Structure formats: C-alpha cells, structure tokens
Amino acid sequence: MTDDRKPRAGLRLFREGGIYTAGLVLLRAGNFLLIPLYTSLLTKEEYGAVGVIMAVANLLTILGMTSQTHALLRLGTDVETDEEALGRLLSTQFTWVVGATLVLTAAAALGWPWLLPLVGGLDLWPLGVAGLATVVGSAVFQLVLSWLQFSRQARAHTTLNVARWIVLMVVVLGLLLGAEWKAEALLTATAVSFAVGSVLGWRTLPKGVRLGIVDRDVLRRALAYGLPILPHGLAGVIFLATDRTLLAAHAGLGAVGIYELAAKLASIVFMIAMGMQKAWIPFFFREDRDAAQHGWSRVRTLSFFAVSMVACVAVGVGLLAPELVAIAGPDSYAESAAVVPILAGANFLRDYYLVAVAVVMADKATARWVAAATLPGAALNIVLNAWWIPEHGVYGAAWGTAVSYGLTVVLAGLLARRARAIPFKYGRAAVLFALVAVVLWAGAGATLPVRIGLGLLFAMGLVALDGKDLWAAAKVMRKR
C-alpha cells in the first residue's frame, strides 16, 4: 500500500500544502516589508512601469514554456517508476524551454519599437532590457519548481523559493540604496534572482538530466499535451496584463501604481490558494489514477476544507485593506484600499478555478480543451477593461477582472464535470462564495470595529455551513 492509500493521506496533503504555503507566506511577508521601501523611493509612475514591463516578460515566459510545467506533472505521473524515461522527459523539456525562451527574448528585443504602445512608451534601454533578462531564468526556475512539486519535495521547493527571494532582496537593496537605481533596480534584481535560483535548482534534478538532449518522441508527447494548454496559460497573462496596459494608456502610470499595490496585497489570497494547489495537483492525479479502488469521498471533503481556508484569508485581507495599504505605502497610494476587497474576492474565485482545473488536467483528452474555459474569460476581461477603465479607472479594472474570473470559474466547472463526475460540495461552495462577497461588500468603507464584527459573523457562518467536516478535520489535525 502506498502512502496515498494510508488513512492519513489527507494529513500528508495538508502538511505538504502547509509547507508550500509557509514558503509563500515568508516570501509574501518579505515582499510586503519591501513595499514601503519601493513606494517611498519610486514614484507611482516608476512603480507602474515595473508592472507593465513585467507583464510583457511574463507573456514571453508563458509562450516559451508551452505549458511544460503542466506536462511534467501529468506525463511524469505515467513514467515516475522508470528513471530512464523520467530523465529523458526532463532533459527534453528543459532543452526545449531554454531554446524557446531565448528565441522569444531576442525577437522581443528586435521588435521593441512595435511594443511601445503596449508598454506606455517605455524605451528598450534600460527598463526593457532589464525586464527581458528575466524571461529565460524565470522559465527554467518554474520548470525546476514543477519537478520538485511532482517529486513531492515540498521542503526543497520552499527552500529554493526562499533562497531566490534572499538573492532578490540583497540585489534590489544594493541597487536601490547603493547604486540609487529606480525601476530598473527591481527588474534587474528579479533577473539575477531567477538566474541564481535556476542554478541552485538544477542541482535538485536527477542525475543524467542534460541540456541539449532531445528525445523527439518525448518532445512530441510533451508538446501534444502542452500546446493545447498554452492558450490557457496565455489567458492568465491576459488577465494580468490587460488591466495594467489599459490603465497605462487611459489613466497613466500613476493609476497603474495604485492598482499594482492593491493587486499585490490582494494576491495574498491567491498565494494561499497556490500553496494548497501545489500539493493538491500531485495528490489529485494519484487519487484519479486509483479512483476505482476508493472513490471520491476524500477528494470531496478535502477540497471544500481547502477552499474554506482560502475564503478566510480573502475575508481577512479584504476587511483589513485600509490598514494594509496604510502600512504598505504613503498617502498617495490611499486609493488602493478601496480596490483591495474587489481583487481579494476575485482571487478567491480563482481558487474555485484551481480546484476545477486540476480535474480537467487529470484527463488528457479533456485537458486539450482547457482553453475553452479560460479564453472566453480572457476575452471578456479585455472587453470589460476597455469599456470600464476609461470611465472608472482602477475600479473598472478591478471589477472587470472579478467578473471575468467568474465566467472562467463557471466554464472550468462545466469542463471538469465533463472530465470526471466528482461529487464536490457544489451547493455549499456557492453559499460560501455568496457569504464572502456579502462580507466584503458590507465591510467596504466601514469602521474597524464593524469590520471586525463582520469577520466574526463570517466565521460563524462558515461553521454553520460545514461545521461537521471542519470539526472532524480539526480533531484529526490535533491528534496528529
């Protein structure tokens, strides 16, 4: 009997998820401590420029990776007991990703004049070059992290992330305070940290993995799985880039800076969701592989428990938005406080999407259609942002993002039902989202005592909604 079949598999899942989340929390806490430094040394326009350039770099990274992180998690499950086959898969994937991202980076540098309207007129030198320098390192680093996630090396995954952040912090502080660089300091430090992180992470790969080794059959299968998912990855970039680029065009880089701060604070919610997701996907793929033996009861219970944890974080971030913004930035960023609750709710919606997309990715045939769930939402995001931003500015961008995520969740859920008929707690999930939305809406602009009261009411509502399973899980955790 494997570890997954033991009665405490749920504890292992949450322990691994806790390790991932702890690392992300440390990173977010460190980044949060640096935000006041950024906002004090950089103008809103300079801070906004970083967000715009990184949106372009993220797009190139996604294109070059061709969803090989997803391919590794899924195809690796099929060959995990064959060391030679696993080595060929990793060598082929890393060689492809490095080559593809190098080509795209060079093409973007040569075609920068045509990108000027999308980056607020920012020149290639120095900001464009600094941003493009992040692409290859970021792609390799993400693929290394995917390997650690697949092989369930949660501690190594977290350690590597923290090590990269330490490099980032040292370099950015040196450039901001020592060399007195501005926006280019953040971009250059990011590039250096990804390069160092990739070198450190390479040492965690199995022996025999080499750059330059390409197995054509393996590459064909990896691309056959990854390429249909690529539009799904591009949709994520569209979500991240559309609001910022349109804000830069219609409201200026200052508005992008305000929105960027709100987005960073609200991303705490998605950070917790991703921490659980990193443990959830390998767990779910193996549960799916062996579902005929034990059914879906464990998936049903643990999925809602994980979603409930993220709901608590969303409510906490949204209700404490004024205080978080006051800590993170000077008065010129105060408008961010009204945007944080909207984006916190939007990021909570993304957690539902993560649960659904794991089901989709488990089935190779259905995984090819995952873009059908994300591209319509991305298209709607472009339309709503183009419609609402000129009139409502940062609020239009936030609401456009939230509504678009809602469509994505619905479509992903329908696709997941097509892949697997899993008896999730659909009714309770809908009630939970409504509860989160009402609390965040009621807390907007309220005094601190009122917001604290709303938080307590939310906790009571959550217990009433799923108290039996929550209490059972708590008892098991306490015994453990």
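Beyond its neighbours within four places in sequence, F284 is in contact with W296, V299, A358, V359, A362 and I422. The model is a predicted one. F284 also stands out in the largest nonpolar core, a set of 151 residues in which F284, F348 and L432 touch the most other members. The helix that gives the most to this core is α12, spanning residues 253-289, with 21 residues. In soluble globular proteins, nonpolar side chains tend to be buried together.

The secondary structure of the protein chain consists of 21 helices and zero strands. Of its 480 residues, 56% count as buried. Among contacts with a separation of 6 or more, 82% are between residues 24 or more positions apart.

The overall dimensions and surface of the protein chain are set out below.

| Property of the protein chain | Value |
|---|---|
| Span of the C-alpha trace along its principal axes | about 60 × 60 × 40 Å |
| Accessible surface | about 20200 Å² |
| Part of the accessible surface belonging to carbon and sulfur atoms | 68% |
| Distance between the centres of the positive and negative side chains | 9 Å |

The radius of gyration of the protein chain is 22 Å, which agrees with a compact globule, because a globule of 480 residues would have a value near 23 Å. As for charge, the protein chain carries 40 positive and 28 negative side chains.

Key: Residues numbered from 1 in each chain as written. Predicted model: local features only at pLDDT ≥ 70, side-chain atom pairs only at ≥ 80, totals over all residues. Heavy atoms only, no water. Core = buried A, V, L, I, M, F, W, Y, C linked by side-chain atoms within 4.5 Å. Buried < 20%, exposed > 50% of the residue type's maximum accessible area, 1.4 Å probe, protein only. Helix = DSSP H or I, 4+ residues; strand = E, 2+ residues; numbered from the N terminus. Contact = heavy atoms within 4.5 Å. Rg over C-alpha atoms; globule rule 2.2 N^0.38 Å. Areas by Shrake-Rupley, 256 points an atom, 1.4 Å probe, with all protein chains shown as cover. Lys, Arg positive; Asp, Glu negative; His and termini not counted. Charge placed at Lys NZ, Arg CZ, Asp CG, Glu CD.
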